[in-house]
Amino acid sequence: HYGRGGSEHCSGEQCRLVMQQIQFADQKQEFNKRPTKIGRRSLSRSISQSSTDSYSSAASYTDSSDDETSPRDKQQKNSKGSSDFCIKNIKQTDFGRREIEIAEQEMPALMALRKRAQGEKPLAGAKVVGCTHITAQTAVLIETLTALGAQCRWAACNIYSTQNEVAAALAERGLSVFAWKGESEDDFWWCIDRCVNLEGWQPKMILDDGGDLTHWIYKKYPNMFKKIKGIVEESVTGVHRLYQLSKAGKLCVPAMNVNDSVTKQKFDNLYCCRESILDGLKRTTDVMFGGKQAVVCGYGEVGKGCSAALKAMGAIVYVTEIDPICALQACMDGFRLVKLSEVIRQVDIVITCTGNKNVVVRENLDRMKNGCIVCNMGHSNTEIDVASLRTPELTWERVRSQVDHVIWPDGKRIVLLAEGRLLNLSCSTVPTFVLSITATTQALALIELYNAPEGRYKQDVYLLPKKMDEYVASLHLPTFDAHLTELSEEQAKYLGLNKNGPFKPNYYR
């Protein structure tokens, strides 16, 4: 089902049309605290609590504790007099603009897309409603969509991930942003509703991360889907929700599964985590990795990145895995494949990377050694059973932001990071260049769906064609002064390929 429609409905002609619109030529020259209040739950979650999946970047200048007044109780205006936003503090715009400018330096494909496609405006008339992490990197994506002709309204996909100063910079530029770091659950849904429910504003496209925005529109404003052309979703959680809707016959618009594009799986998941796992652990615990014993639960792309980084730093790494293929990969990469129960008493670091639930349960936590560091690198906050630690006999002690000691009656303690939420967006930053690849894929998916002729895409979930994946990758090569080898006509014929690609079949991941 993953690739259904990929080769049958998503024609090479449409790919060429999209790329002709963009017209990239001579690329090389172009590239020289826990929440202060819990709040009431206004809607039950259908599949996962993705709004609480991660915390904000540690690089954020501001914290929600700087001013306890809720943004909902403030009346703020930008320099042009607009108040169609709700953020922490509009005065932080200068800090946010500098962060965005730094990110732009590491997002070459988006900047080239912005520069070259402005004339064509492939998203002219597209009203895009978005729900993603609001960071400097996603700000570059949002402003690129605007430069391509889109009108955007945006909310945060979880309650902790917003960089307040970046939200301020976007609001100052006239973008309708509803998000701040440290939202309550009620604030979260209120922001999404404000983002969607504006009289006279009918979204044409949805860009979602986790599926909460899509879920909210289905629950509250189902008639909106009559005029929505498509959904672009980038997370494991959100894609899972879309496939469930499709299976139940309830998906009423086409959707693009960006998460399973090669340019997401093999880059964002692998290389982003390979760099950010060490960053997150160092910033929170100052741990030395050399000689430490670590267990990585799951050897998908995220687990591969985490394991490689720890091994390179001299740690002794164990891996747990349910899939014999991934397990064999771990063994061939030199890792000891174990069950968690076999090593739980001796390891110094436990990292979950599965996307599953209850990977580390109370029994495991009870058996850990004193000082064991426990964290999650998977998308959902369900992998570590943190709820089982909220019991009277255990003492919670806040050490610093996103770091807790959980202390047992006998004095044993573990170090729990980000309360089991996504470590790299909680406790560190993520590599901007890798996010450029994912964000470019998202932008092209929006362009593809928005410009597709009526009937090309059915009410189903699609992958971008491999030609698009290869195109996104090619846009980032000039940064490295990299030069592709070209097939001769004879070689292309021998391989049964078009000399200009695609070079991999559509099912390749």
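Two strands count as paired if DSSP finds at least two bridges between them. Strands (E, at least two residues) and helices (H or I, at least four) are DSSP runs, numbered from the N terminus. The model is predicted: local features need pLDDT of at least 70, side-chain atom pairs count only at pLDDT 80 or more, and totals for chains, interfaces and linings use all residues. Residues are numbered from 1 along each chain as its sequence is written, and side-chain values use heavy atoms, with hydrogens and water left out.

**Exercise 1.** Find the strand order of the open sheet of 7 strands, and its edges.

*Solution.* Begin with E2 (residues 151-156), which is joined to E3 by 3 bridges and runs parallel to it. In this pair, arginine 153 stands opposite serine 176 of E3. E3 (176-178) and E15 (461-462) are the edge strands, each pairing on one side only.

**Exercise 2.** Sort the side chains of E4 by direction.

*Solution.* In a regular strand, side chains alternate between the two faces of the sheet. Here Met205 and Leu207 point one way, Ile206 and Asp208 the other. All of them are buried, that is, under 20% relative accessible area with a 1.4 Å probe, protein chains only.

**Exercise 3.** Which unit do E4, H8 and E5 make?

*Solution.* They make a right-handed β-α-β unit: with the strands pointing away from the viewer, the path from the first strand over the helix to the second runs clockwise.

Notes: Buried means under 20% relative accessible area, exposed over 50%, partly exposed in between (1.4 Å probe, protein chains only).
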